[in-house]
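Subject: Structure handover

Hello,

Here is the structure I promised you. Please open it beside this email and follow along.

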Amino acid sequence: MKIVIVGSGYVGLVTGACFSEVGIDVTCVDIDQKKIENLNNGIIPIYEPGLEDMIVRNMKKGRLNFTTKIQEALEGAEVLFISVGTPPDEDGSADLKYVVAVARDCGKYMNDYMLIVTKSTVPVGTSKKVRQAVKEELDKRNASIEFDVASNPEFLKEGAAINDFLKPDRIVVGLDTPRAEDLMKSLYKPFTLNGHPIIFMDIVSAEMTKYAANSMLATKISFINDIANLCEIVGADINKVRKGIGSDSRIGTKFIYPGIGYGGSCFPKDVQALIRTASEHNYDLKVLQAVEAVNKNQKLVLFNKIYNYFDGDLKGKTIGIWGLSFKPQTDDMREAPSLSIINNLLEHGAIVKTYDPVAMQEAKHHFGDSITYFEDQYEALIDADCLAILTEWPEFKFPNFKIMQKLLNKSAVFDGRNIYDKEEMKKDGFEYYCIGVNTSE
Ligand code: NAD
């Protein structure tokens, strides 16, 4: 089978690489000429564990190709995946111009039956817009070519994307014809054969499933952060409370870690978009509005602790920062809490020294030379007045505390991810601040 994937970002590249890995003939398309040029030279634009090897291996086998020319890519293909970005519009709704542009291109250039599958996260009702855009383009050239549309939202997590794609908890597919169902069944057979379930439903429900899933996860994060803040006030320890509630199988242990708020390219925009969809239908999604408000506040909790520690005077204070990406194992900084925290530090006159294992190149796009970047985590602590941990990269979990003590001017550590033990930090002579634990006693 030959398929085309339009949009070669995180989702498109992982989807393309994984389908080619199981033997499918894949062409990935993007409008970004430089990106495609690089990919054709084996240069991968994003950091995702295992992705580079998989792409290079399948390119060599001739099963994975990259091009900017959608017309050529469509030759002989039966399925087209749309995996372009759906960034938030000014009012919070998902901007569908890239998705509709791909649908138009498809209508312009397809010469035979095509199943057009939306993998991008799109609001309920988008498939109708895709169908209409394709039809309008076909009508313009008086072509009567059959096509189907389907929704196949992607649930991969950056940092574990390959594993998530190859071994999904579930594959959700929304469609409305037997032909589309047969195609999707055979395309995903290599994955479902291993016991990973595929759930077929109508298109609207599939579109809704993606938003409901991300909103549920964001809700868990904001809930635990809200409870963490209260723990701190009343003298409870969120680390203990988390274990206490997580052992109830109805609640579970996953996604109830306190921190400095959710970020990334999905949760913030998807929560916003679902609130917007609801309001367009005159429905008030009160829970999600609160989830968003709590998250906004949470991104500043660690900054406020640093600010208070220095009695509101950050001018000339040097803050060492470990971790810039919105979570470990990715260089993605979209909506990362580090952006709010560093911007606030800079606005208050602080000097910021940073280290991240993979996101520093990306950070340079945001901060240029207003902060400094170090290739070694300890170098970022030289002459620093404190350390702030913003991403829980594994290499930060067991650092050399003696070196940290030696390098820091004041042994103050602000841990936005609760990766250290309060008692041990105190024993080692640190002033330690984390989330949801009153560490002053
Ligand atoms: P991305 O920004 O990394 O990549 C999008 C790509 O689409 C870019 O390379 C861009 O140049 C290209 N593009 C835009 N218009 C195009 C066009 N007309 N023709 C060809 N290429 C075009 O985005 P992403 O993170 O891969 O996300 C894509 C979609 O998948 C979004 O809707 C997102 O919400 C959803 N999603 C993302 C993730 C994630 O973890 N990143 C997970 C699940 C779902």
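First, a term you will need: a residue is buried if 20 or more other C-beta atoms lie within 10 Å of its own, exposed if 12 or fewer, and partly exposed in between, with C-beta atoms placed from the backbone. Helices (H or I, at least four residues) and strands (E, at least two) are DSSP runs, numbered from the N terminus.

Note that this is a predicted model: local features need pLDDT of at least 70, side-chain atom pairs count only at pLDDT 80 or more, and totals for chains, interfaces and linings use all residues. Residues are numbered from 1 along each chain as its sequence is written.

Helix 1

Start with helix 1, residues 10-21. Of its 12 residues, 12 are buried, so helix 1 is largely enclosed by the rest of the structure. Among them are Tyr10, Leu13, Phe19 and Glu21. What do the buried residues of helix 1 pack against? They pack against strand 1 (2-6), strand 2 (25-29), helix 3 (51-60), strand 3 (64-67), strand 4 (79-82) and helix 7 (161-166). Contact here means that the C-beta atoms of two residues, placed from the backbone, lie within 7 Å.

The length of helix 1 checks out too. The expected span is 1.5 Å times one less than the number of residues. For helix 1 that gives 16 Å, and its end C-alpha atoms are 16 Å apart, which agrees. Gly23 follows helix 1, with a positive phi near 100°.

Helix 5

Val102 lies in helix 5 (residues 97-109). Is Val102 buried or exposed? It has 27 C-beta neighbours inside 10 Å, so Val102 counts as buried. Leaving out residues up to four places away in sequence, Val102 touches Val6, Ile82 and Val84. Val102 and Ile70 are 32 residues apart in sequence, yet 9.0 Å apart in space, C-alpha to C-alpha.

Helix 5 also packs with helix 6 (residues 126-140), at an angle of about 35° and with axes 7 Å apart. Axes are lines fitted to C-alpha atoms, for helices over the stretch in contact, and angles run from 0 to 180 degrees between N-to-C directions. The crossing of helix 5 and helix 6 is right-handed. A crossing is left-handed if the near helix is turned anticlockwise from the far one by less than a right angle, and right-handed if clockwise. Residues in this contact include Val99 and Ala103 of helix 5 and Val130 and Ala133 of helix 6.

Helix 13

Helix 13 (residues 286-298) packs with helix 10 (residues 203-234) at about 55°, with axes 9 Å apart. Helix 10 and helix 13 are therefore oblique to each other. For angles, under 35 degrees counts as roughly parallel, over 145 as roughly antiparallel, 65 to 115 as roughly perpendicular and the rest as oblique. Their crossing is left-handed. Ser215 and Ala218 of helix 10 are among the residues in contact, as are Val287 and Leu288 of helix 13.

Helix 12 (residues 267-280) packs with helix 13 at about 145°, with axes 10 Å apart. This crossing is left-handed. The contact includes Val271 of helix 12 and Leu288 of helix 13.

Further along

In helix 14 (residues 301-309), Val301, Leu302, Phe303, Lys305 and Ile306 are buried. Just after helix 14, Asp311 has a positive phi of about 50°. Glu379 sits in the loop between strand 11 (372-373) and strand 12 (386-389). With 14 C-beta neighbours inside 10 Å, Glu379 counts as partly exposed.

Best wishes
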